[in-house]
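Dear colleague,

I am passing on the structure we spoke about, together with some notes on what came out of going through it. Please read the notes with the model open beside them.

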Amino acid sequence: MKKLLLRIIIYYALIITFCYFFNFAILNPIGYGFIAIVLCILNLVLRPLFNAIALALGTITFNIPLLFVNVATLYLANLICLSPIRVSFLLMMLLSLLIFIADRILNKATESKNPELEKGTVST
């Protein structure tokens with residue numbers, strides 16, 4: 001649960017920072033919070049399905065479809081939230097790349113330092 005809340009906070013911070021950096025009007029911060037929540041839920045539910053499809057195509061195309069998985073979930077979240085972020089495809093790709101990097105950092109930071117202790121295979 002803490003990881004989910006941390007992920008929502010990171011998504012919200014990235015979206016607000018992205019809109020501020022590219023001089024978009026930040027009119028409704030609650031709407032950006034809603035898109036962060038929807039994006040987090042979509043990443044938990046649909047991203048594994050998109051990754052499975054992209055991995056099947058990735059053997060032929062050198063994993064290029066994996067780049068568009070985050071863009072697809074970001075566009076879906078944007079459509080569900082009635083488009084609070086109105087940017088071009090390349091800026092949406094940049095935002096999805098930032099979200100991908102943040103996800104990787106979060107996953108690496110929350111991984112256990114000693115997985116043998118979790119499995120119970122190490123005697124103390």
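**Notes on the model**

Val87 has its place in the loop between H4 and H5. With a relative accessibility of 17%, Val87 falls under the 20% limit and therefore counts as buried. Its C-alpha atom is separated by 9.6 Å from that of Phe22, although Val87 and Phe22 are 65 residues apart along the chain. Please bear in mind throughout that this is a predicted model.

As for the overall make-up, the protein has six helices and zero strands, so that its elements, read from the N terminus on, run α-α-α-α-α-α. Of the 124 residues in the protein, 29% are buried.

The core comes next. The largest nonpolar core has 19 residues, and those that touch the most other members are Tyr11, Ile15, Leu39, Leu74, Ala77, Leu95 and Ile99. At least two residues of this core come from each of helix H1 (2-21), helix H2 (29-45), helix H4 (67-80) and helix H5 (89-110), and it is H2 that gives the most, with seven residues. Ile99, once its neighbours within four places in sequence are left aside, is in contact with Tyr11, Leu14, Leu39 and Leu74.

Ala77, which is found in helix H4, is buried because its relative accessible area is 0%. Not counting residues up to four places away in sequence, Ala77 touches Ile35, Val38, Leu39 and Leu42. The C-alpha atoms of Ala77 and Leu39 are 5.2 Å apart in space, while the two residues are 38 apart in sequence. After H4 comes Leu82, whose phi is positive, near 60°.

Leaving aside its neighbours within four places in sequence, Asn43 is in contact with Tyr11, Pro48, Asn70, Thr73 and Asp103. Asn43 and Ala77 are 34 residues apart in sequence, with 9.5 Å between their C-alpha atoms.

H2 also packs against H1, at an angle of about 130° and with the axes 9 Å apart, which makes H1 oblique to H2. The crossing of H1 and H2 is right-handed. H1 contributes Leu4, Arg7, Ile8, Tyr11, Tyr12, Ile15, Ile16 and Cys19 to the contact, and H2 contributes Pro29, Tyr32, Gly33, Ile35, Ala36, Ile37, Leu39, Cys40, Asn43 and Leu44. By class, the contact of H1 with H2 has 15 nonpolar residues, two polar ones and one charged one.

The last pair to describe is H3 and H4, whose axes come within 10 Å and cross at roughly 145°, in a crossing that is right-handed. Here Arg47, Phe50, Asn51 and Ala54 of H3 make the contact with Val69, Asn70, Ala72, Thr73 and Leu76 of H4. The contact of H3 with H4 has five nonpolar, three polar and one charged residues.

With best wishes

Note on methods:
Residues numbered from 1 in each chain as written. Predicted model: local features only at pLDDT ≥ 70, side-chain atom pairs only at ≥ 80, totals over all residues. Heavy atoms only, no water. Core = buried A, V, L, I, M, F, W, Y, C linked by side-chain atoms within 4.5 Å. Buried < 20%, exposed > 50% of the residue type's maximum accessible area, 1.4 Å probe, protein only. Helix = DSSP H or I, 4+ residues; strand = E, 2+ residues; numbered from the N terminus. Contact = heavy atoms within 4.5 Å. Axes fitted to C-alpha atoms, helices over the stretch in contact; angles between N-to-C directions. Parallel < 35°, antiparallel > 145°, perpendicular 65-115°, else oblique. Left-handed = near helix turned anticlockwise from the far one by under 90°. Nonpolar A, V, L, I, M, F, W, Y, C, P; charged D, E, K, R; others polar.
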